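Subject: Structure handover

Hello,

Please find the structure below, for you to look over. My notes on what was found follow it.

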Amino acid sequence: MDSEHLLVGKNHPVWTIFDKTKAEVRKAIIKARIVSGTFILNSDRKFNQAPSSVCKICNLSEENISHFLLECPILSNTRITYFQPIKTYVTEHITAEVWHSVFQSKSNIIRLIIDCRHFSQTLRDDKIMNMIETKTREMCYKLYIKRLKLLEAMDG
């Protein structure tokens, strides 16, 4: 988590929930774990909790945050379903040209998903950033649920 965006006395946008149902709070908890770096993936497991850092779902690559959010082929349908509306929303507000120049790298796309405030100069509007936060919270939660169901099916 980048501490330069943390403000004393102000909640992180991940907790900006307008519909405070249990489902929305669960989504915020998952996103907060991702933001804070406490969302545990195989590459994060220490002390032999996991025999390998390789993704148990696809067995192709190390399971880290980049793999989880952008690369795991087994999660691709879920990712496309929830990321495409984020990209569309952002490009409607900053143009496709700006999207391609700012978000050409995976690291910037990951930053956008994890904490869009990194791009406050580009996005320029709290309303836009709140909407992106809502959409990325939903995406992270859906990826988490899909991953959890696949892992449970493998174990059970």
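Phe39, Phe68, Tyr141 and Tyr144 form one aromatic cluster. Rings of Phe, Tyr and Trp (its six-membered ring) pair if their centres lie within 6.5 Å; planes under 30 degrees apart count as stacked, over 60 as edge-to-face and the rest as tilted. The model is predicted: local features need pLDDT of at least 70 and side-chain atom pairs pLDDT 80 or more, while totals for chains, interfaces and linings use all residues. Residues are numbered from 1 along each chain as its sequence is written, and side-chain values use heavy atoms, without hydrogens or water.

Phe39 sits in the loop between H1 and helix H2 (65-71). Helices (H or I, at least four residues) are DSSP runs, as are strands (E, at least two), numbered from the N terminus. With a relative accessible area of 7%, Phe39 is buried; buried means under 20%, exposed over 50%, and partly exposed in between (1.4 Å probe, protein chains only). Phe39 and Asn64 are 25 residues apart in sequence, and their C-alpha atoms are 9.9 Å apart in space.

The search of the whole structure gave six aromatic pairs. One of them, Phe83 with Trp99, is tilted, at 6.1 Å centre to centre and 50° between the planes. This pair links distant parts of the chain, with Phe83 in helix H3 (residues 76-94) and Trp99 in helix H4 (residues 96-102), 16 residues apart. Trp99 and Phe103 have ring centres 4.6 Å apart and planes at 35°, so this pair is tilted. Phe83 and Trp99 are buried, and Phe103 is buried too.

Next, the packing of H1. Helix H1 (residues 22-36) packs on helix H7 (residues 126-155) at about 85°, their axes 9 Å apart. Axes are lines fitted to C-alpha atoms, for helices over the stretch in contact, and angles run from 0 to 180 degrees between N-to-C directions. H1 is therefore roughly perpendicular to H7 (65 to 115 degrees; under 35 is roughly parallel, over 145 roughly antiparallel, the rest oblique). Among the residues that meet are Ile30 and Ile34 in H1, and Tyr141 and Tyr144 in H7. The buried residues of H1 include Ala28, Ile30, Ile34 and Val35. Those buried residues pack against H2, helix H5 (106-114) and H7, where contact means heavy atoms within 4.5 Å.

Just after H1, Gly37 has a positive phi of about 80°.

Regards
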